[in-house]
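Trainee: Can you walk me through this one? I have the sequence and the model open.

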Amino acid sequence: MIAHTETFSKRFSYHWVIHRDVNGLIIYFSRTGRTRKAAEAIQETTGFDLEEIKEKAGRVGALGWLRSGMESTRRMLPQINPLTHDPSQYDIVIIGTPIWASNMSSPIRAFITQNKNKINQIALFCTGDGDDPEKVFTPISELLGKEPKATLGLIGPNRENEAASLKIQEFAAKLSV
Ligand SMILES: Cc1cc2nc3c(=O)[nH]c(=O)nc-3n(C[C@H](O)[C@H](O)[C@H](O)COP(=O)(O)O)c2cc1C
């Protein structure tokens with residue numbers, strides 16, 4: 001579907017690209033807030049719905065870090081809380097994860113495994129300290145059996161700077177084409 005897009009000037013010379021004809025859900029997991037920040041910027045740019053994956057058990061501190069790395073390496077599926085949005089109701093689901101042990105985070109693997117048949121088109125984004133984002137995009141695409149419409153990797157010091165804002169706008173613009 002070709003979307004009708006409008007660009008608005010916003011404070012701090014930021015632009016909104018509102019996709020009126022595309023129905024999108026941004027769904028993400030974030031342990032320390034970096035992927036959340038990216039997700040919120042994508043939400044502001046697109047106007048799409050936003051859902052954070054939450055869990056009953058926390059992941060704080062050194063033990064939480066170790067458990068997270070182990071779960072990712074072993075491709076484990078932790079228990080996640082029920083979603084408040086239904087992915088099947090959206091044209092496109094934009095999935096965001098931190099890179100853990102050169103792979104997707106375990107809560108995102110759990111989400112994808114549970115909702116595989118409810119997801120139409122996909123776009124992917126991730127944040128990481130230094131790895132190639134393809135290490136996350138490839139296994140997610142394989143797990144879903146779908147090629148992403150667009151991808152966005154925010155890595156290292158470029159996660160939260162002006163270059164990141166531009167990449168987010170470019171990514172958002174591709175979601176409507
Ligand atoms: C258990 C664990 C493993 C990680 N492994 C990697 C990795 O292999 N490659 C990488 O670039 N970053 C790795 N990171 C760093 C995170 O991907 C990075 O800090 C990310 O931006 C954090 O996102 P968040 O704040 O949304 O949780 C790891 C972080 C954790 C907690």
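Predicted model: local features only at pLDDT ≥ 70, side-chain atom pairs only at ≥ 80, totals over all residues.

Trainee: Which residues of helix H4 are buried?
Mentor: Val136, Phe137 and Ile140, in a helix that covers residues 134-144. Buried is 20 or more other C-beta atoms within 10 Å of the residue's own, exposed is 12 or fewer, and partly exposed is in between, with C-beta atoms placed from the backbone. Helices (H or I, at least four residues) and strands (E, at least two) are DSSP runs, numbered from the N terminus.

Trainee: Why do they line one face of the helix?
Mentor: Seen down the axis of H4, the buried residues fall within an arc of 95°, so they line one face. The arc is taken from the directions from the helix axis to the C-beta atoms. In general, an α-helix has 3.6 residues a turn, so residues three or four places apart point the same way.

Trainee: And what is exposed on the other side of H4?
Mentor: Glu134 and Glu142.

Trainee: What do the buried ones pack against?
Mentor: Strand S5 (92-98), helix H3 (106-115), strand S6 (121-128) and strand S7 (151-155). Contact here is C-beta atoms, placed from the backbone, within 7 Å.

Trainee: Switching to strands. How many bridges join S3 to S4?
Mentor: Four, between residues 24-28 and 49-52, and the two strands run parallel. Strands pair if DSSP finds at least two bridges between them. Between S3 and S4 the chain passes through helix H1 (residues 34-46), in a right-handed β-α-β crossover. Right-handed is a clockwise path from the first strand over the helix to the second, with the strands pointing away from the viewer.

Trainee: Where are arginine 75 and serine 102?
Mentor: Arginine 75 is in the loop between helix H2 (61-73) and S5, and its phi is near 55°, a positive value. Serine 102 is in the loop between S5 and H3, with a positive phi of about 60°. Most residues other than glycine have a negative phi.

Trainee: Last one: which residues come nearest the ligand?
Mentor: Ser30, Arg34, Thr35, Pro98 and Gly128, of the 20 around it. Near is a C-beta atom, placed from the backbone, within 6 Å. H1, H2 and S6 each supply at least two residues of that shell.

Technical notes
Residues numbered from 1 in each chain as written. Contact = placed C-beta atoms within 7 Å.
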